[in-house]
Structure formats: structure tokens, C-alpha cells
Amino acid sequence: MNKRHISKEEVEHIAWLARIELSEQEKARFTEQFNRILDYFKKIDEVDTKKIPPTYHVLNLTNVYREDKVTPSLPPKEVLKNAPKKEKRFFRAPRIV
Amino acid sequence: MPKLNELTAQELAQKILRREVTAEECVLSCFERIRRVESTVHAFVTLIEEEAVKRAKEIDKKIAAGKPVGRLAGVPIAVKDNICTDDVLTTCSSHMLANFVPPYDATVVEKIKREGGVILGKANMDEFAMGVSTETSYFGATRNPWDPSAVPGGSSGGSAAAVAADEVVLALGSDTGGSIRCPASYCSVVGLKSTYGLVSRYGLIAYANSLEQIGPVAKSVYDCALLFSVVSGYDSKDSTSVKTENKDYTRFLKADVKGLKIGVPQEFFGEGTSGEVEKLVWRGIHKLEDLGAVRSEASLPSLKYTIPAYYLIAMSEASSNLARYDGLRYGYRVRRDGGDWSTVYSKDRRKGFGDEVRRRIILGTYALSVGYYDKYYLKALQVRTLIRRDFEKAFKSFDVLVGPTMPVPPFKIGEKIEDPLALYMCDVLTAPANLTGYPAISVPCGFTSNKLPVGMQITAPPFREDLTFQVGYAFEQATEYKSQKPPLK
């Protein structure tokens, strides 16, 4: 590996932004793997893309609208059935503040 | 005489309709096979025998009463475990969703049921469809029916292995960077990734929306076209669904490629492509020439940037898609007291996701973060434009492009799992169809000296699935790979 693209501290920070906890050992392993991967990815740096528009989507869709019509939806019992914690008709969330 | 589970959907549906056999007999024949080989192959996460037999009996009753039944009446089918099935466990082969029971059917599942197809179970896959080997499943690897020490390909490895091992007659997979075509190639079956937008993604657990399509895995090109005819078509529940008329693609199956212009991109035979794959696929291309196709060399110079472009886009989309797993509405959550939401959430996501999923979420978050967005994500999208332009240009001169599906034959289980980049490289020939949205099929193209399958990929312009079927069918009719069965006992 020639150049380091991402440091262990950066991996720690990004993982936190993605809300994924990593152990110390995982941080070291992922940092090493990410550097190898990014080292390969840098191949696209050589492409001149100055005047090239991005392709976000192959269909070139913008907004898709439909009639604002009421259709049947799932009953609350069905919607809640996979929730690890619930109370009455609500999902129970951990403390936020 | 072949057993019922060894027949194609085409043969089986006919026998059932003519009342030579019952749907129940077909389903039971598959379960007998499953009991015999599943401990070796491990193609399924969930089996629903009782329900399947019940459904088969219902179909038999309808037939006996002379009521109309669909095009898949009584045909046993496996559904990849990232496609929602009402009241049947749908895990995405992840700890995160190990207990997830969807309250609704994906559109494709609804369509299969409407046509009388009988779902036998949910097929194993790489966790969240992120992989090329089906080794990252939380429930353990699927093995290749042709050699249980080799991978079946991925991420729809369970779907392809189940079809190849005659555990089911048809299967659904999903393809984000090659996840149908890779296992189809590695298991010597047929698999199609259609034009983006032709198959509804409603009820498909998202990984990278702008790239993925649900599609058929089958024993023959006819069966592949049949299942595709059933599952394709406009769906108002998927905003990226294309408004087209429903077609019966089995009508396009004529074994004739006379005068058809086939392009062979030199880039498909690059340094990463193994000699044995190259030899077998060239033999296949020459076979098409013998059948009257006109071959010349094509060029797709931007193809060498496929892997970075594909992975940067897929990882970025994944990081956003998988943010929904917060353990509130569904998914893994540990009972824990104290701690703020972010900390609790981070701990659950660490335990709920395997290594590869976490790697992709973190790298995707990185590629989308301030200061790196232009360098990675935007750049990848621009390169995607260039790859698309290469394809558009090539298809001005050719009807189809032909080459290998996979650069290397099936590798050993465990051989590459510690090296993420080595696994990423396996997508080099399949991911272009996802980046461009073009349809591509993989058909069996022979065996290596170790008796491991190799597939040939046929790519067509958008909405020309008929061409992929036509060329695939002509090739299948002229070769004998279809009739070969894996040496499973």
C-alpha cells in the first residue's frame, strides 16, 4: 500500500456517524481493509469527468405523482407485530434527550 | 425416467394441466429431494412444507373442477430471502432481521401466487445481498451442488443452488451487481437481470435501489422467460416501475441467430479472466457463429472503472437504505437500560449486522460525507455516465454483446472471504449491466477440467430481453449443458 487514505480515527468517526459501534480490533482491521479498497478505487481519479453529467438513475425519472386517493392500509396490529418494544398502539423508543 | 422434481417448469406445468400428475405430487417430490440433499447444499433459510402442500392441493382441486389455473400452476418455487412473503419469515440472511415476518407480499410474490406457483421456502443469500459467494449469510454458507467445497456464487446462491440441485423447479433472485447471474453461472443454471424498471421492487428489501432488479433463476431459457413473463410489468407501488405492456416472453424463443450481430468486448477477456473461462466462452461464441451469428470485436474502454464506480454507488446507497434498521419498528434490538438513543442504536447495529454489511455502510457513509462527496460519490456517478455511453455506442453496431459472466470459475468456500477486494473484483463483468440498466442473461457454457460450471453472459439493449432469450435459447438448443446434472446423491 502506497498511501493511507483513511486513518483509524476517521474510521471511528465515520462509524459513529453511521451509528455502528466497532471494537478496537475491528477498527484496526477495517482501517487496513478500507485503505486497500480505497487504494484500488482511486483508479477513477484518472478519468477526466469535468464535463460529464452524473447518472443518478438510468431512467432519468424526476418526480412520480399519483392521485391522492385513500386505499386500504395495514391494520395497526399487523404494523406493530415486528416491533421489539411496543405499548398500546405505539412503537416504544429509547430515550432521545 | 426423470423424477418430477427434475423436470422443467414447462414440462411440469403441462403434466399437471393434463392431469398426468398432481401439483401435490410435484411438491412432495421436491421436499423428498430437499430432505436428501439439503444437509449438503443448505440452499434454504426457511421451508414451508405444510403451507406448500396445502396450496398444491388447492390447485389440484381447481384443476379437477375445471377452473382456470395460472401459467405456473403447481410449479414449486424458491424465493430469495430478501423478498417479502406475507406471514413467512424474511430474514435477508441477517441477524438484524432473523425474526422479521412481513405483513404483506412483494408484488412479484403476489404475481407468482396468482399464476398458481407454489412457494416451498426462502432461499439463502449473502447478508443483505452483499456478496458473491453466499458465505456472509448469518445462517451459514450455501454450497455448490457441483462441488460442495466450492461457493455457489452470490448473492442469490440459495436460489441458484436449489434449482441446480433439483430442490425446486424455479427460483427468484435479485441482482444488484451480478447477484443473479453470478450464481446462475456458478451452478450451471439460467439467470436474468432485466432492464431496470421492468420488475417491481415493491417488497424487495432495499440494498442499492438504482441498481437492483428481481429476476428469474431457472433450469432452461424457456423457464426463465416464463417466470420473467409472470413477474415483470408495471406496478404503481414502485415509483421506478416502467409503464410497459405485459408480454409473454416465451413467444420470442426461436432457435435462430442467423445474421444476428454479436459484439465481443475485448475488455471482457482482460487480465482478471481465467484462461479456462476464456477458452470455454470462446468455444461458446464460435458455436453462435456456427449457428449463423456474425461476430466482431466490440470495445467498452470505460469498463476498467466498473468496480470503483459500482461499489462507490452501491455502498453509498446502502448506507442510506440501511439507516432504517434502528430496532424500533422491526429488527434486532437488545433490552438494555440507560444510554442515549445513538449509543443504543450503535450497539444494536454492531450486533445485528455482519462484517461485510458494516464495511459497506461505513464506506458508503464516508463516500457521501462532506469533503468526499465530489471525490467519490459524484465521480462514480460521472463514470457511470461514461460506461453507459460506451454501451450506447457499442449497441449502434451490435444486437447483443457476449462474453463470460464471471471472470473466474467457482472458488473454494473460505478462499476469498478474508479479502473483501478480491471478492469485489468478481463483479467486474456483471456490474456494468446494473450501472447501465441494460438486460443481461447468464446461460450454461460448459465445465472446467474440475467439472465446475462456467456461464456465458448475453447483454442486450434496454427492453430487448427478447434478444437475450433468443440467443440464449439458440445456444441452449445447440449444446448439451442443460441436461447435465450435478453429482449430488
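How many residues does α10(B) have, and how far does the helix reach from its first C-alpha to its last? Let's take that up first; bear in mind that this is a predicted model.

## Helix α10 of chain B

α10(B) is built from twelve residues and reaches 16 Å from its first C-alpha to its last. That is close to the 16 Å expected at 1.5 Å a residue.

Next, its buried residues: these are B:Val344, B:Tyr345, B:Asp348, B:Arg349 and B:Gly352. Because they cover an arc of only 130 degrees around the axis, they sit on the same side of α10(B).

## Where chain B meets chain A

Across the interface, 52 residues of chain B are in contact with 45 residues of chain A. On the chain B side, the elements that give two or more residues are α9 (306-321), α10 (341-352), α11 (355-368), α12 (373-397) and α13 (420-424). Of these, α12(B) gives the most, with ten residues.

If you like to sort by class, the side of chain B that touches chain A has 26 nonpolar, 15 polar and eleven charged residues.

## A look at B:Leu226

Now to another helix: B:Leu226 lies in α7 (residues 221-231) of chain B. It counts as buried because it has 25 C-beta neighbours inside 10 Å, where 20 or more are needed.

Leaving aside residues up to four places away in sequence, B:Leu226 touches B:Ala9, B:Gln10, B:Arg71 and B:Thr250. One of these, B:Arg71, is 155 residues apart from B:Leu226 along the chain, yet their C-alpha atoms are separated by 8.1 Å.

Notes: Residues numbered from 1 in each chain as written. Chains lettered and ligands numbered in written order. Predicted model: local features only at pLDDT ≥ 70, side-chain atom pairs only at ≥ 80, totals over all residues. Contact = placed C-beta atoms within 7 Å. Helix = DSSP H or I, 4+ residues; strand = E, 2+ residues; numbered from the N terminus. Nonpolar A, V, L, I, M, F, W, Y, C, P; charged D, E, K, R; others polar. Buried ≥ 20, exposed ≤ 12 C-beta atoms within 10 Å, placed from the backbone. Expected span 1.5 Å × (residues − 1). Arc of directions from axis to C-beta.
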